[in-house]
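Hi everyone, thanks for having me. Please take a moment with the picture first.

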Amino acid sequence: MSSLLQVNAELGQLLQQLQSPDNNVRSQAEEVLQNQWVSQRPEWLLMGLAEQIASSTDVSLRSFAAVIFRRIASKTIKTASAENVDLFISLSQEHGVEIRKKLLEILMTETDKNVRNKISDAVAEIARQYYDSASSNSWSELLGVLFNLSQDSDAAKREVAFRVFTTTPGIIEKQHEEPVAQAFAQAFKDASVSVRLAAMEAFASFFRNLSKKNQVKYFGLLPEVLNILPPIKDSQDSDDLSKALVALIDLAESSPKMFKPVFNILVQFSISVIQDKELSDLCRQNALELMATFADYAPSMCKKDPNYTQDMITQCLSLMTDLGEDDDDAAEWLAADDLDDQESDQNHVAGEHCMDRLANKLGGLVVLHPTFTWLPRMMTSPAWRDRHAALMAISAISEGCREQMMGELKQVLELVVPALKDPHPRVRWAGCNALGQMSTDFAPTMQKVHYDQVLTALLPVLDSPEARVKSHAAAALVNFCEEAEKDVLEPYLDGLLNKLYNLLLSEKRYVQEQALSTIATIADAAEKAFARYYDTLMPNLVGVLQRENDKEYRLLRAKAMECATLIALAVGAERLGNDAIMLVQVLGGIQDSVTEPDDPQAQYLMHCWGRMCRVMGKNFLPCLPKVMPPLLELASAKADIQLLDDDEQVERFQQEEGWELVPLRGKTIGIRTSSMEDKHMAIELLVVYAQVLEGEFAPHADEIMEKIALPGLAFFFHDPVRFVSAKLVPQLLSCVKKAYGPQSEQLGALWLKTADKLLEVLSAEPAVDTLAEMYQCFYESVEVIGRTCLTDAHLARFIESVTSTLEDYKDRVAQREEEHQGVGPDDVEDDAEEILMAIEDDQTLLSDMNKAFHCVFKYHGDAFLPHWERLLMVYKGFLQSDDPTQRQWGLCIMDDVLEYCGARSGQYSEMISEALIRGCQDPSPAIRQAAAYGIGVAARHGGEQWAPFLGGSLQYLFQLMQVPDARNEDNVYATENACAAIAKILHFNNSTVPQPHDQIIAEWFNYLPISNDEEAAPYAYLYLTELISKQHPVVTSQGQAQRIFVYVAKALEGEALSGQNAARVVEATKTLLAATNTDPTPLLQQFSPEAVQTIWAHFG
């Protein structure tokens, strides 16, 4: 490269301008950088930046140049073939080689540690690009340079080699195991603590990227890793010890079983760190986090350790007493108005969180006893911090110990309730916290059994002299009332609302805000019973909304809006009357006043409009012009994403609320989750409007579908947005269908662009749970259209998506089986929950895919068969699988072929017949049910070609109904479907039923009633009606008439019969009762009063 002197001069000036405090200068410099350098001559820019780092005497400029180098090198650009690539590897090979050579030179010669670290980050970024890309180019000399650095006499250079390894472990992952292990082993014994720590971090990063199989090869290095820690602890260097513990946490997450041989030693060491008050809080908390990580990932190992549980609970409780330093009387705590400024980084909070994790991961059987050996003593301690810790421990463990504590609630409440009269305010606060948490974790038992004890304990605390205490009592009531029935609350409403009304008069705004939230929750729970308080509360709430305009009252107004609209929802449109118009006018005025992006009223308003829509129904339509513009703006929001260039930026974003940081190919991406949550909420409200307003919402449907719903399906930054978009799509189609009709041009045009997008999403979605939602969106949308709506090309794409989905599913099943082989019982136990969740996700996916098949067959019939046949071998494999989920899936598909393809189903008769007969004998009730249903479908839809099979299947259906406990909860649906299938055969397709028919009918009659399955019941009872009308001998005696009445009554009681079917069956039964002179009144004694009322309502 020539003219480097000129380039250096220009770049030196540009770098100064980029750091200018003047925004205009900086902005202009950014434009020059992009337009004249990055776009036009990136190779000159990067070489020039490297020269700046090499030649400048200004440390800050060298540091800044290194940061800019990495940022530019990591940019993504489009190639001539429209392919996205990283900028550096898009350079010519000649330029790339020269810049890399210069970069390694300055890495070797840089003297300032901070600058050298930034250069190493740039080196790691370029290395990542080469190792991640499919390019034939590589950076072969890098590993040699780093190896030489790792052996250098200068400890700082040895450290920087491992820093690069940490950022880009792929550099060494592909190399031979022995040299790698030797290099790490040597570094773990390095004379420099900094090198040892850098090697630990590099090893953790390298190890994390290995497969489980390859990780085992490095287990032998663990003792060397652990030997690094004791000398650091002895030196009392909290920062270094923290770094070492963080690296160990990384290793524990990757492979906890690696620690098994040394686990007890590590437990004792970690406990000693947690106990050591000379070390920093962060260091002690990292040791606690390391131990909690083992509870998360290897609970069985923790349970078996002789020290772990007892020591961890003891230390957690000890940390939980570490609060309120220099604030013994809680004066400072009571004076605080910013309740969001919680002591989240303090020891007592770390202890509480850890107790919660221990309880959830180790379970109540392990945690409860050692915890309660301490709690009674702590509750009677003269030290308020002990009493506070005991109450917070109850809050922390109640979810994980729910099963064991449920039977001891009375005794636990006897510990907690007296604390609400404790002389110390923080103890009373903790007592409220415990009651609130227990109300959630032990619902609904707390609300049904212990309601009086809880409410009578909390009510007086609402009169506490301390604002924080009474506010927290009101918050605990929210937890209780969310799960309470209105009948439980009604006797207490006067007392509750009088005290909460007084809280609205408090000088503390946060007390007023909490009181409003609690009143809103009570209104939601009490429903119509709240109406008698309407005249007192609503005018006051409207007064707050009309009166308090200052900025500091925004949240109070938002809470008042929430409370007013929840009350409106509770009492209903009739009680609300003309106040509904007044309320929406007030809300409209507030919306007009919202001008700043951080105004909390904006988000609350959206929910309030949604509630008013639910209350007012179609009368809400005039409000839409006011409501829709800000809602559509929120729902259309793009993702706010930031590429974070260096550690300082990462740290800054970690401190900010509302951001999620995601590592991506060696970079860190910041995603503003707060705007994503607003987007989700806005789309959720669009679903509400579409559901409530139906056809009246159709004018908005096309725009919302195009700009919000369909793009939302592929909004990969936030899964909840995608889930709710999947709910919105069929709702919008339904609005248009109701407005313009099922055959309308408007619906056809909207469906055409929707169908293509849905099929595209089915092909591209990687996440199992999200893919299930997309299949649901697809079949619900097809169901809304309700006719043939997929072209041949659409059907082909659907099967391609299914093929890809099933291949991925089979790969996941195979991987689970492979990982399960040779695994010890402890690992099986530890992984059981995760594996069960993965299996459940797969089952949900298969189920939703099945429903999609059902819908396609339902509206396209045998036109779908040519595409469906492409997967014949897959169906056969599933039908013969050892996995009941797969067998059931395959059978349900066959049922659809029988139901919707008529005579053409005969082409597959051999495969289907075998599957149905095997299914009748399957140990799984769900599969027996699917098989019985399929036989019934063949009888109804299959025609004469299925007659021989149907005659032979009767014996299997009778056998199915004779399994032990055939009518218990698990088996009853299979039994009822078999009974209905026999009725279908006898009615629709009986030409090959063995003679005499009367004997078969008599045997079938003995397997009635059907009282659970509302789909199966009509076929059996309508066949019974047919027998009655023909005066068949099986049904004409008085004894049989009595049985028939009871059978029909049970079906009515269970709501298995309804509508016209129920009317026909009841009419025939009444005719039979009259003909046989049977009085049904004595037969009703076996039914409950509620059931008798239902039965007589039908029989008149």
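If we call a disulfide a pair of cysteine sulfur atoms within 2.5 Å, the count here is zero. Before we go on, this is a predicted model, where local features need pLDDT of at least 70 and side-chain atom pairs count only at pLDDT 80 or more, while totals for chains, interfaces and linings use all residues. Residues are numbered from 1 along each chain as its sequence is written, and side-chain values use heavy atoms, leaving out hydrogens and water.

Cys777 is in no disulfide either, with its nearest cysteine sulfur, in Cys855, 12 Å away.

Are these two buried or exposed? Buried means under 20% relative accessible area, exposed over 50%, and partly exposed in between, using a 1.4 Å probe and protein chains only. Cys623 is buried at 10%, and Cys777 is buried at 1%.

Now the whole protein: of its 1100 residues, 54% are buried. It has 59 helices and five strands, which are DSSP runs numbered from the N terminus (helices H or I, at least four residues; strands E, at least two).

H20 covers residues 308–320, and its buried residues include Tyr308, Cys316 and Met320.

Finally, the C-alpha atoms fill a box of roughly 110 × 75 × 65 Å along the principal axes.

How values were computed. Expected span 1.5 Å × (residues − 1).
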